[in-house]
Amino acid sequence: MKEDVFERSLAMHREMKGKLNVECRKNIENMGDLSLVYTPGVAEPCRAIVRDENELWNVTIKNNLVAVITDGSAVLGLGDIGPAASLPVMEGKSCLFKRFAGIDSIPLAVSTKDVDEFVDTVSKIAVSFGGINLEDISAPRCFEIERRLQEKLDIPVFHDDQHGTAVIALAAYKNALRLTGRSLEDSVLVINGAGAAGTSIARYFLSAGVKNIIMCDINGALCDGYPDGLNPAQVELAKITNPEHRRGTLAEVIKGADAFLGVSRPGLLTGDMVRTMAKSPVVFAMANPTPEIFPDEALAAGAAVVATGRSDFPNQVNNCLGFPGIFRGALDVRARRINEEMKLAASEALASLVSDAELSSEYIIPSALDERVVPAVAAAVAKAARETGVARI
């Protein structure tokens with residue numbers, strides 16, 4: 001039961017006193033070992049870095065180290081719980097990096113909501129890391145933080161809440177359309193939720209070739225003449241989505257749509273709304289832990305395929321399918337950034353792991369435990385990095 005999971009998790013955390021530790025990769029058994037690990041021998045790799053800063057990648061942990069950084073302002077389904085309370089989640093993310101991709105990472109909570117302070121803090125410590133994974137930072141600040149850090153740094157900066165969800169959702173969406181006989185270009189997609197994830201998903205889907213996206217938030221469809229109160233990112237989003245300038249609530253604009261994708265709140269999509277959609281619609285209800293609509297209700301209302309963010313239903317859109325392989329590929333070629341081409345390559349690699357013979361209403365995306373995922377995604381990302389000129393090697 002859910003409560004039992006919570007209680008057992010708290011007991012485990014108290015017993016272990018954290019989920020991470022630091023291990024030395026070189027055994028120190030005698031004075032000779034000590035002289036190699038520390039003084040006097042360690043002076044030589046230091047001098048090598050002075051001569052050529054690229055040696056940092058060769059002689060330190062930088063080549064396989066990612067910082068998992070948050071301010072605790074938008075944690076899971078918990079909201080703004082602050083940096084201290086966010087640390088168990090950041091530790092968990094570090095565990096996933098290690099388990100799925102063999103990547104070392106350090107969880108860091110920054111005690112500021114000031115964009116300038118946050119960017120300055122991360123910039124000053126970035127030299128130690130091969131990549132920066134931003135996590136659980138609220139919109140719209142997360143957009144500016146990621147943009148400014150990527151401009152300042154020569155290592156990948158990746159806000160997983162935005163891009164990780166988008167990469168996996170596109171892979172699942174491609175296969176859902178393949179199953180229902182639709183195309184990216186011709187499908188009409190309603191996205192409910194215009195925060196960090198929804199905004200990034202919309203932009204990413206547009207770059208992938210989806211042409212007709214209607215964005216909705218609590219007040220309805222984003223369009224010209226929308227009520228005041230949009231943040232700058234949403235204003236820009238309203239300009240590039242909703243080409244037919246449809247107005248109204250979610251219930252009004254979802255009529256005739258081919259697909260729904262929710263990154264919003266529980267219970268916002270009803271069976272009656274699904275019945276007004278096009279024949280055999282696609283429903284991605286990804287609010288966690290309680291989706292916008294439960295799969296059984298959506299399927300009973302005529303949905304052909306349903307995906308959620310939960311592991312207890314088929315077709316889980318799980319970020320574990322994305323960020324481990326994406327960072328693995330980026331680190332393997334010492335990429336300077338994670339660009340759009342690398343993300344699109346990751347989505348295509350994920351989608352292609354589901355063969356025509358395997359594709360079904362309950363299998364449009366591989367499991368997070370599928371051992372093929374990280375190697376396939378990493379290889380595709382590394383190849384795209386080389387082809388687009390952002391790889392160092």
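Visitor: At what angle do α5 and helix α14 pack, and how far apart are their axes?

Guide: About 65°, with the axes of α5 and α14 9 Å apart. Axes are lines fitted to C-alpha atoms, for helices over the stretch in contact, and angles run from 0 to 180 degrees between N-to-C directions. Helices (H or I, at least four residues) and strands (E, at least two) are DSSP runs numbered from the N terminus. This is a predicted model, where local features need pLDDT of at least 70, side-chain atom pairs count only at pLDDT 80 or more, and totals for chains, interfaces and linings use all residues. Residues are numbered from 1 along each chain as its sequence is written, and side-chain values use heavy atoms, with hydrogens and water left out.

Visitor: Which residues of α5 and α14 make the contact?

Guide: K93, L96, F97, F100 and A101 come from α5, and F323, P324, F327 and R328 from α14; contact means heavy atoms within 4.5 Å.

Visitor: Now the sheet. What is the strand order?

Guide: The order is β2-β1-β3-β4, an open sheet of 4 strands with parallel pairing. Two strands pair if DSSP finds at least two bridges between them.

Visitor: Which strands stand at the edges?

Guide: β2 (104–109) and β4 (157–159); each has a single partner strand, so one side of each lacks a neighbour in the sheet.

Visitor: How many bridges join β1 to β2?

Guide: 6, with β1 covering residues 65–70. T70 is opposite A109 in β2.

Visitor: Which strands does α5 lie across?

Guide: Helix α5 (residues 82–101) lies across β1, β2 and β3 (131–134), at about 170° to β2. Helix α7 (residues 141–152) also packs on the sheet, touching β3 and β4, and its direction makes about 165° with that of β4.
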